[in-house]
Amino acid sequence: MSPQISPSILSADFARLAEEAEAVRGADWLHVDVMDNHFVPNLTLGLPVVESLRKATDIPLDCHLMIEDPDRWAPQYAEAGAGSVTFHVEAAAAPVRLAREIRSLGARASMALKPATPIEPYEDLLPELDMLLIMTVEPGFGGQSFLDIMLPKIRRTRQLIDRHGLQLWLQIDGGVSAETIERCADAGADVFVAGSAVYGADDPAEAVRRLRALAQTATDAAPWLDRH
């Protein structure tokens, strides 16, 4: 699979979200960070904004729920038109049941792990998912610096995916930029969330194209590619 770029509107101008979505036309996804000020110490967007964005753009919405009780709320984001819904395994009571429900509603089911959460205990859950998100910063705020200590975790996750022969996307979120994306692609990531690196650029659409090109170059030379 070619690398995919998912610009995060957490770094966009909330007063101009329809225009900000248009500014990244050509992106594979539009990443929507939903925070409840409980699971993470920040409060951002919710269902009404997702419903409005769905009407304002044809870029698929990639909703990342950093919230408590995703078992209750995540299916509603699928019903609202999200193309992908990510819940945190640290907050989910029944992750397999939740992933199946999200899928049944027509969205891709994704599970996120905080930096300190290991992937290995969840190996048996991987076939139930369409994407796995490895956080490369502590969730809650945009603009943080990439945590290099997550690279071994990305590599281990890619090895697990390949070992089981799964068509499972591996997304990373946090500190993705032109300076870090190649290392992440080399480690095995293929979906990249980028906030300030895109919306802080003079030309967000060009920033998306550059990030994708850098990731593609690194992927083409990556040691895991022949098994992907």
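Colleague: Is H31 buried or exposed, and what is its relative accessible area?

Modeller: This is a predicted model, in which local features need pLDDT of at least 70 and side-chain atom pairs count only at pLDDT 80 or more, whereas totals for chains, interfaces and linings use all residues. Residues are numbered from 1 along each chain as its sequence is written, and side-chain values use heavy atoms, with hydrogens and water left out. H31 belongs to strand 2 (helices are DSSP runs of H or I with at least four residues, strands runs of E with at least two, numbered from the N terminus). H31 is buried (under 20% relative accessible area, with exposed over 50% and partly exposed in between, for a 1.4 Å probe and protein chains only), because its relative accessible area is 0%.

Colleague: With which side chain does the side chain of H31 make a polar contact at 3.3 Å?

Modeller: A polar contact is a pair of N or O atoms within 3.5 Å; within protein, one must be able to donate a hydrogen and the other to accept it, and residues adjacent in sequence count only through side-chain atoms on both sides. The side chain of H31 makes such a contact at 3.1 Å with the side chain of D33. The contact at 3.3 Å is made with the side chain of D173.

Colleague: What is the angle between the planes of W29 and W169?

Modeller: The search of the whole structure finds 1 aromatic pair. Rings of Phe, Tyr and Trp (its six-membered ring) pair if their centres lie within 6.5 Å, with planes under 30 degrees apart stacked, over 60 edge-to-face and the rest tilted. For W29 and W169 the centres are 6.0 Å apart, and the pair is edge-to-face, with the planes at 70°.

Colleague: How many residues apart are W29 and W169, given that the pair links distant parts of the chain?

Modeller: Both W29 and W169 are buried. W29 sits in the loop between helix 1 (17-22) and strand 2 (30-35), while W169 is in strand 7 (residues 169-173), and the separation is 140 residues.

Colleague: Near what value is phi of N37?

Modeller: Most residues other than glycine have a negative phi. N37 is placed in the loop between strand 2 and helix 2 (47-56) and is partly exposed, with a relative accessible area of 45%. Its phi is positive, near 65°.

Colleague: What is the relative accessible area of D69?

Modeller: Phi of D69 is also positive, near 55°. D69 lies in the loop between strand 3 (61-66) and helix 3 (70-79). D69 is partly exposed, with a relative accessible area of 38%.
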